[in-house]
Amino acid sequence: SFIFCQGRSRPPPPRPRRCQPTAPMLAFNVKTTEPVPVEERLRRHVDTSRFPSGHAFLKDLQGWREKMRSQRFGTNGAEAVRDGQLRYYALATHAEHHFRTVDLKNEAKVVFRWYDTFSTRRFVDQPDWAFERASVLFNVAGALSYLATSQERGDPEQIKLACRYFQEASGVINELRKIASSASWLSFTPDMTDDFLEALSCIMLAQAQKCFYEKAVADGRSHAIVAKLAAECAALYQDAGLKLKAPLLQEAISSEWLAVVDWNRALFDGVQNYYAATALGEAGEYGACVSRLTHAVNRTAEAVNMCQRHSAALQKQFRDAHALAKDAHAKAKKDNDSIYFDRVPPYATLPKLPRHALVKPLRPEGLDVPPPEAPPSPEKPDIIGAAAAFGAASLDGTPPPPSFDEASSAGVEDLVAMGFSKEAASAALAQCKGSVQEAAALLVDS
C-alpha cells in the first residue's frame, strides 16, 4: 500500500529560536499486475516484412514485463525498480506503435490487469497499451518517491537529491494524468483517478518545497525568506488535503496517509505565521505580531494533538514547533500588554502571507522514449517563410516580448521582495540566465 517514511534525517545542531520540523515524508508503493503471455498472443501478428526484428522484440517485451511485475523496493532497491519500470515503459510504448492495428481484446486476447496500490483487492482489466503504460508510470513515480524519502535530509547534497526526486515524481504523475485524460477506458482504481493523482502530485511538490524549507532553516536564512517557503508548503498541503476529501478516496486510501497530510497542513500553517511574526515585530506592528503568533500556537497545537497516537520521535518534531511558537507568543504578548499597548487585530483580518514556490514538476529523461522507427530526414528551414511569419506576428497588435534588460530588472525586484540583496539577486539571475525560480533556489541553497 503506502510507505510512511520519516526520512533518515540527521539535522545539524539547532539554531536558537528556529523552528525545524523535519516532518514525516510520504512515499507510495508500486502497483501489482497479473502475468500476461504477450509474446505468445502477439506472435502471429508480427509482419516480418515490415518489422524484421518483431519476434526478438516480443521476447524482450515479455522478459521485461515479467521482471517489471516482480520488482519490489525491499528486494531490488528503489533505483533498480525505477530503471526497470522505465525500461519496460519504453518497450510498451513501442509495442503500442508496432501493434496499433491489432484488436488486443478480440484478436490477440491480451488484457492487462492492474491492482490498486492501497486497496489491493480492487483491480481494473483493460485491453489497452495506454492503460499498461499509465500503470507503469505510477510505479516509476512510486520508486522516485521512495528514493526521495531514503535520502539523508541532514546532508546538504542528499537533501538536494530528495528535492529533485520529489519533483520528478510529480512530473511523472503529470505525464500519467495526460495519458489517462485521453484514455478510452472508463473504469479506474481509486489510485488512478484524476482527483487522487492531482493530490499526489501536489503532495510530492509539497515535500520537495519542504526540502528547501528545511535547508533554509538549517542554513540560518532570514525569517522573511523562511516564512515564504513555509507558506508555499502550507498552501500545497492545503490543496492536497482538499482534493483527498472525495468520498471514494476517503474510503479507499489509508487513514494514516490522510492523517499525515492533515498534520503537515496544520504544522506549516502555524510555522509560516511564526516566522512572519518576527518581521512584524521588527516593523513595530506588535498587535499583528501577537495575532499571528496566537494562530501559530493554535495550529501547531492541533498538529500535536493529531499525531498523539504515533511514535514519540515523530511527536517531538511537532511538539518542538509548538513550544517555540508558544514561547514567542508569551514574550510578544507580555511586551505588548506592558509596553506597546498595540491593538491585536483578529487573525481573519490579516492579509494572506506571500508565498514563493521553488519547485515544479520535472520530467525525467527516461520518459522521452525514442521513436521505434527512424524519423524522416529534416527539411531545409524556410527562412523566408519564417521571416514573413515573424513580421506578421509583429503587426497583429501583440506586444513584443520584454527586452533582456527589462526581464532582468523585473527578476531582481522579485528576488529583492523575497528578502535577498539587490547585488546577490543580480548575480544569481546572471548565473541562471534570467530564470527567477532557478536564481531563488540558488540563493536559498548558497
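This is a predicted model: local features need pLDDT of at least 70, side-chain atom pairs count only at pLDDT 80 or more; totals for chains, interfaces and linings use all residues.
Residues are numbered from 1 along each chain as its sequence is written, and side-chain values use heavy atoms, without hydrogens and water. Local features need pLDDT of at least 70, side-chain atom pairs count only at pLDDT 80 or more, and totals for chains, interfaces and linings use all residues.

**Helix pair**

Helix 7 (residues 156-181) packs with helix 8 (residues 194-218) at an angle of about 165°, the axes being 9 Å apart. Helix 7 is therefore roughly antiparallel to helix 8 (an angle over 145 degrees). Axes are lines fitted to C-alpha atoms over the stretch in contact, with angles from 0 to 180 degrees between N-to-C directions. Helices are DSSP runs (H or I) of at least four residues, numbered from the N terminus. By class, the contact of helix 7 with helix 8 has 15 nonpolar, five polar and five charged residues; Asp, Glu, Lys and Arg count as charged, Ala, Val, Leu, Ile, Met, Phe, Trp, Tyr, Cys and Pro as nonpolar, and the others, Gly among them, as polar.

**Two residues**

Contact means heavy atoms within 4.5 Å. Not counting residues up to four places away in sequence, Arg65 touches Thr33, Glu34, Pro35, Val36, Tyr88, Phe112, Trp114 and Glu132. With neighbours within four places in sequence left aside, Leu248 contacts Arg122, Pro190 and Thr193. Leu248 and Pro190 are 58 residues apart in sequence, and their C-alpha atoms are 7.0 Å apart in space.

Key: Helices (H or I, at least four residues) and strands (E, at least two) are DSSP runs, numbered from the N terminus. Angles under 35 degrees count as roughly parallel, over 145 as roughly antiparallel, 65 to 115 as roughly perpendicular and the rest as oblique.
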